[in-house]
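Subject: Structure handover

Hello,

Please find the structure below. My notes on it come after.

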Amino acid sequence: MTESTPARPEGMSAVRSTTPKQVRPATEGWTQAKDAEGRPLLQFASPKRGKPPVHLADLDHDARVEKLKELGMPGFRAAQLEKHYFQHYTSHPAHMTDLPAANRDELVGGLLPNLMTEVRRLETDGGDTIKFLWRLHDGALVESVLMRYTGRITLCVSSQAGCGMNCPFCATGQAGLTRNMSAAEIVDQVVRANRLIADGGLGDPRKVGHKDERVTNIVFMGMGEPLANYARVMQAVRTMVDKKHGLGMSARGITVSTVGLVPAIRKLSAEEIPVTFALSLHAPDDHLRDELIPVNSRWKVDEALDAAREYFDKTGRRVSIEYALIKDMNDHAWRADLLAEKLNARGRGWVHVNPIPLNPTPGSIWTSSDVDVQNEFVRRLNDAGIPTTLRDTRGKEIDGACGQLVATEEDQAAAASV
């Protein structure tokens with residue numbers, strides 16, 4: 001499992017030397033899927049499964065009006081349904097007394113079909129962190145994590161059931177891709193979380209905040225590679241930020257992450273929706289990142305960083321670099337220096353680095369870096385002029401932290417009984 005520290009790739013300037021061992025990525029407790037040529041399998045296309053029913057949140061306002069007319073109902077009912085779903089967080093006909101009783105069930109069922117069944121929820125951090133397990137219409141399982149911080153409430157949403165990026169240190173990637181989620185399935189995670197908050201499930205809003213509390217921040221860091229489900233993720237984002245016909249959230253409070261799908265990053269740059277963009281880098285050198293992040297075989301580190309810088313240039317929004325610190329694998333001081341070199345070569349003031357101690361997955365011997373190593377990694381980046389903040393880890397005790405979301409056999413059994 002160990003070997004000597006690799007030489008720096010040719011052409012890179014010298015950095016301060018370090019002597020820790022170099023652990024290479026390897027699968028622990030599972031067999032990594034490979035393609036016909038023996039390379040880690042990448043799944044960009046969603047496996048074909050039955051589509052979820054069309055929902056209000058899959059459509060824009062005009063399409064909702066047309067859908068109602070197809071059902072033989074007046075189009076103005078769309079605004080009423082939008083208010084119930086996006087502002088009152090309900091899909092229950094009994095709560096919609098402003099709709100005609102005679103065809104209320106048909107009206108609601110036509111545009112607000114049930115998309116997700118809650119299988120269970122787990123709490124930690126004194127009730128400030130809640131992980132939900134959801135069963136989708138076809139039995140696929142996904143998770144989302146709700147977190148209360150001082151001054152904000154963040155929801156980590158899933159965009160796919162499973163993930164096709166096959167990263168060996170991520171439990172979701174180990175599971176493979178089941179399917180893409182629909183835009184409405186993504187949005188429904190937010191609506192259901194808002195309902196829980198309104199009901200006092202994250203603490204009595206009158207005591208901890210105010211009675212109109214709701215999710216303020218979204219991070220697409222749950223199950224799945226968001227940019228591999230681009231069209232549906234962007235439809236969900238548009239619905240989240242739509243102030244008249246959607247959730248009315250701030251785009252700046254929404255973070256879309258990727259392991260480095262460069263063409264999709266460039267497409268995101270042109271959307272004119274100023275979301276926060278996060279690149280999950282995890283290694284600054286192709287030698288390691290090829291093994292750690294299999295998509296690096298398609299788009300190398302420099303290509304991903306160039307696309308990230310382009311996002312900043314087009315949107316003016318500072319980019320986040322996510323970096324899981326793994327003991328003796330990617331936490332070497334020279335890698336901090338190399339990362340700083342590469343970021344500074346693309347200018348100043350455009351990026352912020354968020355290292356996070358690795359959240360271990362079942363069966364893996366990998367673990368987070370020692371505290372002194374974490375601190376040195378952060379210090380070197382800050383000293384090089386790169387704003388760097390060690391990220392808070394939430395939900396690790398309930399397998400709800402970054403990289404830990406996965407549908408286990410126990411989850412499957414629980415879902416079958418609901």
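This is a predicted model: local features need pLDDT of at least 70, side-chain atom pairs count only at pLDDT 80 or more; totals for chains, interfaces and linings use all residues.

Residues are numbered from 1 along each chain as its sequence is written, and side-chain values use heavy atoms, without hydrogens and water.

Helices here are DSSP runs (H or I, at least four residues), as are strands (E, at least two), numbered from the N terminus.

Helix H5 (residues 183–198) and helix H7 (residues 230–241) have axes that come within 8 Å and cross at roughly 40 degrees; axes are lines fitted to C-alpha atoms, over the stretch in contact for helices, with angles from 0 to 180 degrees between N-to-C directions. H5 is therefore oblique to H7 (under 35 degrees is roughly parallel, over 145 roughly antiparallel, 65 to 115 roughly perpendicular, the rest oblique). Ala183, Ile186, Val187 and Val190 in H5 are in contact (heavy atoms within 4.5 Å) with residues of H7, including Val233 and Ala236.

Histidine 55 sits in the loop between strand E2 (22–23) and helix H1 (61–70). Histidine 55 counts as buried because its relative accessibility is 1% (buried is under 20% relative accessible area, exposed over 50%, partly exposed in between, with a 1.4 Å probe and protein chains only). Its C-alpha atom is 6.2 Å from that of alanine 184, 129 residues apart along the chain.

Asparagine 354 belongs to strand E13 (residues 351–357) and, at 12% relative accessibility, is also buried.

Regards
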